[in-house]
Amino acid sequence: MAEPGVVEPDTDRRWRLRHLPVLLAASAALAAVAALVGGVTDGLTGALGAAAGVGVTVFSYTLTTVVLAWADQVNPQLLLPLGLGLYVLKFSLLGAVLVAVASTGWAGLIPLCLGIVAGVAVWTAVHIWWLTTVHARRAHN
């Protein structure tokens with residue numbers, strides 16, 4: 001028998017992705033708010049940049065969640081190499097994209113960056129909330 005709060009292997013294969021709909025819904029709401037704030041402060045360019053920034057974060061975190069859930073299901077020993085590989089790949093791509101966007105002189109760069117920061121903050125906060133409330137209740141039942 002597993003420790004309290006620990007899911008035994010194969011008892012519930014969906015637990016690894018169960019939090020994703022809540023995080024995606026919160027991120028969609030954030031993207032709408034970011035677009036609104038970006039639009040009010042910087043026009044269409046600000047709206048697009050801010051919403052795109054949230055989208056970059058959502059894509060990145062969703063990719064990591066799905067790949068690591070798959071790896072954990074297939075072979076938990078894949079978690080570390082895939083997690084580290086994704087981390088290096090995503091931050092390299094993010095850096096390259098930001099440098100490429102900055103080199104164009106696009107006015108939406110700052111809203112894009114702020115959208116990324118807001119996306120990280122909201123995703124992390126909602127994930128912590130989900131783990132400490134919803135998941136914690138399920139683990140104790």
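Lysine 90 is buried, with a relative accessible area of 16%, where buried means under 20% relative accessible area, exposed over 50% and partly exposed in between, for a 1.4 Å probe and protein chains only. This is a predicted model, in which local features need pLDDT of at least 70 and side-chain atom pairs count only at pLDDT 80 or more, whereas totals for chains, interfaces and linings use all residues. Residues are numbered from 1 along each chain as its sequence is written, and side-chain values use heavy atoms, with hydrogens and water left out.

**Overall make-up**

- The chain holds three helices and zero strands, helices being DSSP runs of H or I with at least four residues and strands DSSP runs of E with at least two, numbered from the N terminus.
- Read from the N terminus on, the elements run α-α-α, and buried residues account for 28% of the 141 residues in the chain.

**Helix H1 and its bend**

- H1 covers residues 20–74 and bends by about 150° at aspartate 42, the bend at a residue being the angle between axes fitted to the seven residues ending there and the seven starting there.
- Between its end C-alpha atoms H1 spans only 19 Å, whereas a straight helix of 55 residues would span 81 Å at 1.5 Å a residue; the expected span is 1.5 Å times one less than the number of residues.

**Nonpolar core**

- The largest nonpolar core has ten residues in all, namely Leu20, Leu23, Leu30, Ala31, Ala34, Ala50, Val54, Val58, Trp123 and Val126, a core being a set of buried Ala, Val, Leu, Ile, Met, Phe, Trp, Tyr and Cys residues joined through side-chain atoms within 4.5 Å.
- H1 and helix H3 (109–140) each supply at least two residues of this core, and H1 gives the most, with eight residues.

**Salt bridge**

- A search of the whole structure finds one salt bridge, defined as a side-chain nitrogen of Lys or Arg within 4 Å of a carboxyl oxygen of Asp or Glu.
- This bridge pairs aspartate 72 with arginine 16, with the closest N and O atoms 2.9 Å apart, and it links distant parts of the chain, since aspartate 72 lies in helix H1 and arginine 16 in the segment before H1, 56 residues apart.
- Aspartate 72 counts as buried at 17% relative accessibility, and arginine 16 is buried as well, with a relative accessible area of 12%.

**Helix H2**

- H2 runs over residues 79–104 and includes lysine 90; its 26 residues reach 37 Å from the first C-alpha to the last, close to the 38 Å expected at 1.5 Å a residue.
- From C-alpha to C-alpha, lysine 90 is 9.7 Å from leucine 63, at a separation of 27 residues in sequence, while leucine 80 and leucine 68, twelve residues apart along the chain, have C-alpha atoms separated by 9.1 Å.
- Glycine 105, whose phi is positive and near 80°, follows H2.

**Surface patch**

- Leu44, Leu48 and Trp106 form a nonpolar patch on the surface, with about 330 Å² of accessible area together, and leucine 48 lies in helix H1.
- Patches are made of residues with over 30% relative accessible area and no salt bridge, like charges being joined within 9 Å and nonpolar side chains (Val, Leu, Ile, Met, Phe, Trp, Tyr) within 5 Å; accessible areas come from the Shrake-Rupley method with a 1.4 Å probe, and for residues only the protein chains shown count as cover.
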